[in-house]
Amino acid sequence: MKDDKDLFLKRMFEYKAQYVFASVISFMMIGLWACMLRFLEIKNIIDGENAACGFFYVSPFLAFAIFNTVTYLYSKYLVKKYGADLFGDLDQNWLKEHQGFDSSAFGEIFTRLIQCRKVAGPYMLAVIAVTSLIHTGFAAFVGLVYIIAYVFYRETYLDIAIADKVPRSMGGGVIVSRIIDREFTDKIDQLSKNLEQTKKK
């Protein structure tokens, strides 16, 4: 059991490390872009005021796209290394007891997250990169529309789809499976009947 717990914690740490890694990469890329614009401005290749406006408009959407691209690639790496369910080789009874779900729940959440990250990552990055070459204001408008559409996409295909099965380690509060599990509810019903019979006696 100790080995399963240690493996779970190490793997979960590796999973959550992607957010720090992606944040650092996106911050560095935005900084690199700002330096490149400044260099082009110094060389009088582009107008400084327009470059500053373009950076201000587009950088939040670009950072969002880069962040999700990095987490998408990182997640694909984890799938290749551990499999889509991440914890399928661990004691499933232990997972059910301590997380409320077995590895299949982790697998569904993880694969849905990868699909969402693909939409908000490489797809959005390609759209923003192309539209920013046309006009930065237009790119910012496209980025805003894209994010609004993405929020609805994620809500439908991730948040609603897995609302009743989010393990504690992935943000779930109550272990819902213990409430909706038939065996568990049957035990509760039996306990209630026993209490009623005891009261009558």
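I take helices (H or I, at least four residues) and strands (E, at least two) as DSSP runs, numbered from the N terminus. This is a predicted model, where local features need pLDDT of at least 70 and side-chain atom pairs count only at pLDDT 80 or more, while totals for chains, interfaces and linings use all residues. Residues are numbered from 1 along each chain as its sequence is written, and side-chain values use heavy atoms, leaving out hydrogens and water.

**Entry: lysine 96**

I looked up lysine 96 and found its place in helix α3. Lysine 96 is partly exposed, at a relative accessible area of 42%. Here buried means under 20% relative accessible area, exposed over 50%, and partly exposed in between (1.4 Å probe, protein chains only).

**Entry: the core**

Next I turned to the nonpolar core, a set of buried Ala, Val, Leu, Ile, Met, Phe, Trp, Tyr and Cys residues joined through side-chain atoms within 4.5 Å. The largest one has 37 residues. Phe8, Tyr15, Leu62 and Phe87 have the most contacts inside it. Two or more residues each come from α1 (2-42), α2 (48-82), α3 (92-99), α4 (103-134) and α5 (136-159). Which helix gives the largest share of this core? I found that α4 does, with 10 residues.

Leucine 62 touches Ile30, Trp33, Leu125 and Ile128, leaving aside residues up to four places away in sequence.

**Entry: isoleucine 66**

Isoleucine 66 lies in helix α2. Is isoleucine 66 buried or exposed? I noted it as buried, because its relative accessible area is 10%. With residues up to four places away in sequence not counted, isoleucine 66 touches Ile25, Ser26, Met29 and Leu125. Its C-alpha atom and that of leucine 125 are 6.7 Å apart, although 59 residues separate them along the chain.

**Entry: the surface patch**

Val130, Ile134, Phe138, Phe141 and Val145 make a nonpolar surface patch of about 500 Å². For such a patch, residues need over 30% relative accessible area and no salt bridge; like charges are joined within 9 Å, nonpolar side chains (Val, Leu, Ile, Met, Phe, Trp, Tyr) within 5 Å. A salt bridge is a side-chain nitrogen of Lys or Arg within 4 Å of a carboxyl oxygen of Asp or Glu. Areas come from the Shrake-Rupley method with a 1.4 Å probe, and for residues only the protein chains shown count as cover.

Both α4 and α5 supply at least two residues of the patch. α5 gives the most, with three residues. I picked out phenylalanine 141, which sits in helix α5. Phenylalanine 141 counts as exposed because its relative accessible area is 53%.

Conventions
Contact = heavy atoms within 4.5 Å.
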